Amino acid sequence: MGKATQPVSIDGIEFDALIESTEGFEAEVPEYSIETGFSVSDTIILKPETLNMTLFLSNRPVTWVQRLGAEEGRVEDVVKRLKELYFKKQLITVTTSSLTCTDMAITSISFPKNKEMLDAMEIPISLKKVRTTETKTTTIPDSYGKSGKTAAAAGTASTSKGTGGASSSSDSSGSSGSSASSSGGSGGSSSSGSGKSGSILYSLANKVGLLK
């Protein structure tokens, strides 16, 4: 490990020294045979990178003293900030003299205390890379968004339940589908109007009072 050119930083929190550091790379390789001519790289799955470090922190730094300064309660304050990062489950950036790791999540961290180091602490921390993807929206050509022989825009259909239990539908253009909806009156369906009133039986029944 070469000479450090800057303090180790975790989400902007700087430490006195990096005691040890291990980068981890792991891949899942298939155990079955690969057919000749088939791309082997398509069957190998790369797992997220890991970073394990042991960091040194003290109230009176002997390294980077001009930058970090000496302050009582510094260790306690840094421990509090690291706990907040862990419980917020946010992605962080880790910077050392030799590398910068982005989109890292804390998988484990501990804060050992002993009598020999009352105002200092060695903090083991493990982090794992979180891979992110980007979603894009594509405009669908008009030829795919038309319906029927007239090639009118299909729109979006929605249904709403009326007070009488019937459903009505409407598209994005604001027109209602009257042919597919029906409304229930207080005495029956609306289709029983003129046909029944013009029949002989209906007239007779109405005269004798059977339809009251």
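**Sheet, loops and salt bridges in a predicted model**

Leucine 57 stands opposite methionine 121 in E9. The model is predicted.

Student: How many bridges join strand E6 to strand E9?
Tutor: E6 covers residues 50–58 and E9 covers residues 120–129. The two strands run antiparallel. Leucine 57 faces methionine 121 of E9. The number of bridges joining E6 to E9 is nine.

Student: In what order do the seven strands of the open sheet stand?
Tutor: Strands of a sheet pair through backbone hydrogen bonds, either parallel or antiparallel. In this open sheet the pairing is antiparallel. The order is E2-E1-E7-E8-E9-E6-E3.

Student: Which strands stand at the edges of that sheet?
Tutor: The order of the open sheet is E2-E1-E7-E8-E9-E6-E3. An edge strand here has a single partner strand, so one side of it is left without a neighbour in the sheet. The edge strands are E2 (13–14) and E3 (17–24).

Student: How many helices and strands does the protein chain have, and what share of its residues is buried?
Tutor: The chain has four helices and 13 strands. It contains 212 residues. The buried share is 18%.

Student: What percentage of the contacts with a separation of 6 or more comes from residues 24 or more positions apart?
Tutor: Threonine 96 and serine 9 are 87 residues apart along the chain, with C-alpha atoms separated by 6.6 Å. For the protein chain, the share of contacts from residues 24 or more positions apart is 57%.

Student: Which backbone nitrogen does the side chain of threonine 96 reach?
Tutor: Threonine 96 sits in the loop between E7 and E8. Its side chain makes this approach at 3.3 Å. The nitrogen belongs to serine 98.

Student: Which backbone nitrogens lie 3.1 Å and 2.9 Å from a polar atom of the side chain of asparagine 59?
Tutor: Asparagine 59 is in the loop between E6 and H1 (65–68). It is buried, at 7% relative accessibility. Its contacts beyond four places in sequence include Gly73, Arg74, Val75 and Asp119. The nitrogen at 3.1 Å is that of arginine 74, and the one at 2.9 Å is that of valine 75.

Student: With which residue does aspartate 16 form a salt bridge?
Tutor: Aspartate 16 is buried at 2% relative accessibility. The closest N and O atoms of the salt bridge are 2.8 Å apart. Its partner is arginine 74.

Student: How many residues apart in sequence are the parts that aspartate 16 and arginine 74 tie together?
Tutor: Arginine 74 is buried, with a relative accessible area of 9%. Aspartate 16 and arginine 74 form a salt bridge. Aspartate 16 lies in the loop between E2 and E3 and arginine 74 in helix H2 (residues 74–88), so the parts tied together are apart in sequence by 58 residues.

Student: Which residue forms a salt bridge with glutamate 14?
Tutor: Glutamate 14 is partly exposed at 21% relative accessibility. The closest N and O atoms of the pair are 2.7 Å apart. Glutamate 14 lies in E2 and its partner in H1, so the pair ties together parts 53 residues apart in sequence. The partner is arginine 67.

Student: What accessible area does the nonpolar surface patch with Val40 have?
Tutor: Valine 40 is in the loop between E4 (27–28) and E5 (45–46). It is partly exposed, with a relative accessible area of 45%. Val29, Val40, Ile44 and Leu46 form the patch, and together their accessible area is about 350 Å².

Technical notes: Residues numbered from 1 in each chain as written. Predicted model: local features only at pLDDT ≥ 70, side-chain atom pairs only at ≥ 80, totals over all residues. Heavy atoms only, no water. Patch = residues over 30% accessible without salt bridge, like charges linked within 9 Å, V, L, I, M, F, W, Y side chains within 5 Å. Areas by Shrake-Rupley, 256 points an atom, 1.4 Å probe, with all protein chains shown as cover. Salt bridge = Lys/Arg side-chain N within 4 Å of Asp/Glu carboxyl O. Buried < 20%, exposed > 50% of the residue type's maximum accessible area, 1.4 Å probe, protein only. Pairing = 2+ DSSP bridges. Contact = heavy atoms within 4.5 Å. Polar contact = N/O pair within 3.5 Å; in protein donor to acceptor, adjacent residues only side chain to side chain.
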